[in-house]
Amino acid sequence: MVVRHHPAAIPALADAVAGAAGLDLALQEDTCSVLVQESDGTRSLMASIDLLQALPGVITVNLVYHHVERQAPPGDVSASDPQESHG
């Protein structure tokens, strides 16, 4: 995710990232941060976006790439379509 924010939002952003499971800060500048979210589904991704958008000083939160790996059913060892990607 790319988060555009005011410089004063950096401490609140750092606290939010530290408290959110699967959310990591990849890059941070004065007014822009890049975050990586690893989760088991869309629900937790959307919860992180909502959390970040609610922070004082955050201007925008943009999802720039979404990748899903399909899990095989238990006992299925075939890998005919192991990945699905959305850009």
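Which residues does Met1 touch, not counting residues up to four places away in sequence? The legends below take this up, view by view.

**View 1. The chain as a whole.** This is a predicted model: local features need pLDDT of at least 70, side-chain atom pairs count only at pLDDT 80 or more, and totals for chains, interfaces and linings use all residues. Residues are numbered from 1 along each chain as its sequence is written, and side-chain values use heavy atoms, with hydrogens and water left out. The chain has two helices and six strands. Helices (H or I, at least four residues) and strands (E, at least two) are DSSP runs, numbered from the N terminus. Along the sequence, the pattern reads β-α-β-β-α-β-β-β. Of the 87 residues, 24% count as buried. Buried means under 20% relative accessible area, exposed means over 50%, and partly exposed lies in between (1.4 Å probe, protein chains only). The chain exposes about 5,900 Å², and carbon and sulfur atoms supply 54% of that area. Accessible areas come from the Shrake-Rupley method with a 1.4 Å probe; for residues, only the protein chains shown count as cover.

**View 2. Met1 and its contacts.** Contact means heavy atoms within 4.5 Å. Leaving out residues up to four places away in sequence, Met1 touches Leu23, Ser33, Val34, Leu35, Gln37, Leu45, Ser48, Ile49, Leu52, Val61, Asn62 and Leu63.

**View 3. The largest nonpolar core.** A nonpolar core is a set of buried Ala, Val, Leu, Ile, Met, Phe, Trp, Tyr and Cys residues joined through side-chain atoms within 4.5 Å. The largest one here has 14 residues. Met1, Val3, Leu23, Leu35, Leu52, Leu55 and Val61 touch the most other members. Helix H1 (10-19), helix H2 (42-53) and strand E4 (58-62) each supply at least two residues of this core.

**View 4. Leu23 in strand E2.** Leu23 is found in strand E2. Leu23 is buried, because its relative accessible area is 4%. Leu23 and Leu35 are 12 residues apart along the chain, and their C-alpha atoms are separated by 6.8 Å. Not counting residues up to four places away in sequence, Leu23 touches Met1, Val17, Leu35, Val36, Gln37, Ser48 and Leu52.

View 5. Which residues of H1 are buried? They are Leu13, Ala16 and Val17. These residues cover an arc of only 100 degrees around the axis, so they sit on the same side of H1. The arc is that of the directions from the helix axis to the C-beta atoms. On the other side of H1, Pro11, Asp15, Ala18 and Gly19 are exposed. The buried residues of H1 pack against E1, strand E2 (23-28), E3 and H2.

**View 6. Helix H2.** H2 has 12 residues. From its first C-alpha to its last, H2 reaches 16 Å, close to the 16 Å expected at 1.5 Å a residue. The expected span of a helix is 1.5 Å times one less than its number of residues. Leu45, Ser48, Ile49 and Leu52 are buried in H2. They cover an arc of only 100 degrees around the axis, which puts them on the same side of H2.

View 7. Gln37 lies in strand E3 (residues 32-37). Is Gln37 buried or exposed? At 17% relative accessibility, Gln37 counts as buried. The side chains of Gln37 and Ser48 are joined by a polar contact of 2.7 Å. A polar contact is a pair of N or O atoms within 3.5 Å; within protein, one must be able to donate a hydrogen and the other to accept it, and residues adjacent in sequence count only if both atoms are side-chain atoms.

View 8. His5 has its place in strand E1 (residues 2-5). With a relative accessible area of 1%, His5 is buried. Its side chain makes a polar contact of 2.8 Å with the side chain of Ser33. Arg4 is also found in strand E1. Arg4 counts as partly exposed, at 42% relative accessibility. Arg4 and Thr31 are 27 residues apart in sequence and 5.7 Å apart in space, C-alpha to C-alpha.
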